[in-house]
Amino acid sequence: MAVTMADFRTSEKSWWCPGCGDFGVLAALQKALVELGIEPEKVAVVSGIGCSGKIGNYINSYNLHTVHGRALAAAQGLKLANRELTVIAAGGDGDGFAIGMGHYMHALRRNVDITYIVMDNMIYGLTKGQTSPTSEHGFQTKSTPAGNVERTVNQLQLAIASGCGFVANGFSANQKQLVEIIKRAIQHPGFALVNTYSPCVTFNKQNTFDFFKQHLTNLDEDPTYDRHDRFAAMKKLMETEELVTGIVYEDPNSVRYEDRVAGYPAEGIVNRDWSVDPAVWQKLVDQYK
């Protein structure tokens with residue numbers, strides 16, 4: 001029987017503010033899983049701390065809510081232990097690009113076959129509105145009342161420069177495009193980054209839905225754009241200050257970490273026979289008597 005949206009819904013009441021951009025990301029992820037025909041018991045969502053970290057509670061699948069900045073480490077380990085699962089790591093810009101930055105950089109170069117969805121609202125929403133790594137220069141918040149003096153983290157350029165084979169940017173209000181991006185990311189062999197502009201309607205009054213509608217460049221509307229050209233992707237990101245939507249870069253020759261390790265089994269490690277021969281077990285026990 002084909003899976004439906006109802007199969008991926010839970011009964012938990014959302015704690016997101018009315019109008020939060022994260023609702024659009026959640027719906028797009030559920031729809032992408034349905035359209036790919038992936039059953040809920042074959043999906044694991046691993047999230048970090050923040051408003052975005054609650055997304056796993058609203059998807060009927062395996063759900064691991066980790067500590068701050070550690071979603072990628074847990075998600076990679078989970079995937080390597082059970083290759084049969086579709087593993088989705090999820091979090092916010094603060095979670096991923098501040099305390100989680102070390103894990104982010106190494107996940108990019110390692111290329112384990114997971115999808116990382118970042119709900120980027122350019123602010124710390126859970127703690128009521130402080131500057132985040134993707135906040136704009138000069139942005140005034142509770143932590144920077146005179147304006148943010150630091151440069152913005154260019155997370156998409158970092159991803160491409162670090163060898164990531166799939167880099168995309170979505171917008172939570174553009175459901176149709178975001179669903180297609182997530183589907184392609186899940187199908188990509190290796191680490192796939194789906195950064196998504198997901199406006200915080202409560203604490204970020206600058207980077208609103210209207211702001212993104214006015215400033216985003218949709219790469220799908222440019223027939224000359226070649227998503228397989230790494231240099232063109234970097235140039236486009238610098239020209240637009242990363243205010244784009246669509247698949248920015250895709251490496252058609254991506255090889256997963258799992259396929260670069262000689263002898264790595266196709267079957268999930270968790271499905272192996274881990275029973276121990278009684279004679280061997282007794283020999284081990286006898287050593288400690």
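This is a predicted model: local features need pLDDT of at least 70, side-chain atom pairs count only at pLDDT 80 or more; totals for chains, interfaces and linings use all residues.
Colleague: Which other residues of helix 8 are buried?

Modeller: Helix 8 covers residues 230-240, and its buried residues are Ala233, Lys236, Leu237 and Thr240. They lie on the same side of the helix, because they cover an arc of only 100° around the axis.

Colleague: What does that buried side pack against, and what does the face turned away from it carry?

Modeller: The buried residues of helix 8 pack against helix 5 (155-161), strand 7 (217-218) and strand 8 (244-250). On the face turned away from the buried side you will find the exposed residues Phe231 and Met238.

Colleague: How should I read the two ends of helix 8?

Modeller: Look at the start for a side chain that reaches a backbone nitrogen, and at the end for the backbone angles. At the start of helix 8, a side-chain oxygen of Asp229 comes to within 3.1 Å of the backbone nitrogen of Phe231. Asp229 itself lies in the loop between strand 7 and helix 8, and with 29% relative accessibility it counts as partly exposed. Just after the helix, Glu241 takes a positive phi of about 55°.

Colleague: Which residues elsewhere have a positive phi although they are not glycines?

Modeller: Asn111 is one of them, with a positive phi of about 70°. It is found in the loop between helix 4 and strand 4 (115-120), and its relative accessible area of 9% makes it buried. Met122 is another, with a positive phi of about 60°. Met122 belongs to the loop between strand 4 and helix 5, and it is buried too, at a relative accessible area of 6%.

Colleague: Now a pair of helices. At what angle do helix 2 and helix 4 pack, and how far apart are their axes?

Modeller: For a pair like this, read the angle and the distance together, then ask which residues make the contact. Helix 2 (residues 71-81) and helix 4 (residues 101-110) pack at an angle of about 35°, and their axes are 9 Å apart. Helix 2 contributes Leu72, Ala73 and Gln76 to the contact, while helix 4 contributes His103, Tyr104, Ala107 and Arg110. By class, that contact has 4 nonpolar, 2 polar and 1 charged residues.

Colleague: Ala75 is also in helix 2. Is it buried or exposed?

Modeller: Ala75 counts as buried, because its relative accessibility is 0%. Not counting residues up to four places away in sequence, Ala75 touches Val46, Val87, Ala89 and Ile114.

Colleague: What about Ser198: where is it found, and what does its side chain make a polar contact with?

Modeller: Ser198 is in the loop between strand 6 (192-197) and helix 7 (209-215). Its relative accessible area is 1%, so it is buried. The side chain of Ser198 makes a polar contact with the side chain of Asp22, at 2.6 Å. Leaving aside neighbours within four places in sequence, the residues in contact with Ser198 include Gly21, Met119, Asn121 and Ser172.

Colleague: Finally, how do I read the chain as a whole?

Modeller: Begin with the secondary structure, which comes to 10 helices and 8 strands. Then turn to the overall dimensions: the C-alpha atoms fill a box of roughly 70 × 45 × 40 Å along the principal axes. With 289 residues, a compact globule would have a radius of gyration near 19 Å, and the chain's 20 Å agrees with that. Of the 289 residues, 49% count as buried. Last, look at the contacts: among those between residues at least 6 apart in sequence, 72% join residues at least 24 apart.

Terms used:
Residues are numbered from 1 along each chain as its sequence is written. Side-chain values use heavy atoms; hydrogens and water are left out. Axes are lines fitted to C-alpha atoms, for helices over the stretch in contact, and angles run from 0 to 180 degrees between N-to-C directions. Helices (H or I, at least four residues) and strands (E, at least two) are DSSP runs, numbered from the N terminus. Contact means heavy atoms within 4.5 Å. Ala, Val, Leu, Ile, Met, Phe, Trp, Tyr, Cys and Pro count as nonpolar, Asp, Glu, Lys and Arg as charged, and the others, Gly among them, as polar. Buried means under 20% relative accessible area, exposed over 50%, partly exposed in between (1.4 Å probe, protein chains only). The arc is that of the directions from the helix axis to the C-beta atoms. A polar contact is a pair of N or O atoms within 3.5 Å; within protein, one must be able to donate a hydrogen and the other to accept it, and residues adjacent in sequence count only if both atoms are side-chain atoms. The radius of gyration is taken over C-alpha atoms; the globule rule is 2.2 Å times the number of residues to the power 0.38.
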